[in-house]
Amino acid sequence: MNISNLFQFILGFILGVFLLAVGSVGAAYYFFNRMAAAPPKPVFSETVADPPETAPTSPQSQETEPEPTAVAANDLPETTEAEAEEAPEPEVADETSADGYKATVTWSSGLSLRAEPSQDSARLGGVDYNSEVTVLGMSADGTWQQIRLENGTEAWVKAGNLQKVN
C-alpha cells in the first residue's frame with residue numbers, strides 16, 4: 001500500500017461524510033420549513049357557508065314588487081318615543097329569563113369569547129374549561145350562545161360547549 005492509495009481512501013471517506021451531512025441538513029431544512037407553514041383553515045360541519053349570490057338571468061325572472069299604497073297619517077297606530085327606541089334584538093331567538101341559567105364550559109381547551117355571534121367577529125378573550133358562566137340566550141340560527149361571565153362581561157360562544165348546572 002503506498003501513500004497515494006492511503007490519501008485517496010482518506011479523501012474519499014471525508015468526502016462521503018461531507019455529502020451525508022449536507023444531505024441530512026438539506027432534508028431537515030425541507031421538513032422543518034414544511035412544518036412551519038400555516039396549515040389550511042379547517043372547515044367544520046356546523047359552519048354555515050353563505051350561499052353565493054347569483055344575478056338574475058333575464059328580466060322576466062325578476063319579481064316585481066307591489067307598489068306601496070298610501071296610508072293616511074291618522075290611520076297609523078300611535079307610538080311613544082320609548083316604544084320607538086325599544087327595538088328587539090333579532091339575533092337572540094330565545095331567552096330563558098332575565099338572569100338566564102348557570103352552565104359550565106365542557107370544551108377541554110376553553111372557549112373564545114366573541115363580540116357578535118360570528119366566527120369573524122372580534123375576539124374579546126376566553127373562558128377556561130370547567131368555568132361557570134350564565135347563559136343568557138341563543139342566536140337565531142342556534143349555533144351561538146350568549147353568556148355572561150362572573151365579572152359581568154357579556155359575549156358569544158359556540159353552542160354545544162356548555163352544560164347546564166342542576
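A residue counts as buried when its relative accessible area is under 20%, as exposed when that area is over 50%, and as partly exposed in between, with a 1.4 Å probe and protein chains only. The model is predicted, so local features need pLDDT of at least 70 and side-chain atom pairs count only at pLDDT 80 or more, while totals for chains, interfaces and linings use all residues. Residues are numbered from 1 along each chain as its sequence is written, and side-chain values use heavy atoms, with hydrogens and water left out.

**Exercise 1.** Determine where T143 lies and whether T143 is buried or exposed.

*Solution.* Step 1: T143 is located in the loop between β5 (132-139) and β6 (144-148). Strands are DSSP runs of E with at least two residues, helices are runs of H or I with at least four, and both are numbered from the N terminus. Step 2: the relative accessible area of T143 is 18%, so T143 is buried. Step 3: the side chains of T143 and W144 are joined by a polar contact of 3.5 Å. Such a contact is a pair of N or O atoms within 3.5 Å; within protein, one must be able to donate a hydrogen and the other to accept it, and residues adjacent in sequence count only if both atoms are side-chain atoms.

**Exercise 2.** Classify E132 by accessibility and list the residues that E132 touches.

*Solution.* Step 1: E132 belongs to strand β5. Step 2: its relative accessibility is 36%, so E132 is partly exposed. Step 3: leaving aside residues up to four places away in sequence, E132 touches K102, A103, T104, E150 and V165, where contact means heavy atoms within 4.5 Å. Step 4: E132 and K102 are 30 residues apart along the chain, and their C-alpha atoms are separated by 6.8 Å.

**Exercise 3.** Check the span of helix α1 (residues 3-36).

*Solution.* Step 1: the expected span is 1.5 Å times one less than the number of residues. Step 2: helix α1 has 34 residues and should therefore span 50 Å. Step 3: its end C-alpha atoms are 49 Å apart, which agrees.

**Exercise 4.** Describe how β6 and β7 are arranged.

*Solution.* Step 1: β6 and strand β7 (residues 154-158) run antiparallel and are joined by five bridges; two strands pair if DSSP finds at least two bridges between them. Step 2: Q145 has V157 in β7 as its bridge partner. Step 3: the two strands form a hairpin with five residues between them, and G152 in the turn has a positive phi of about 95°.
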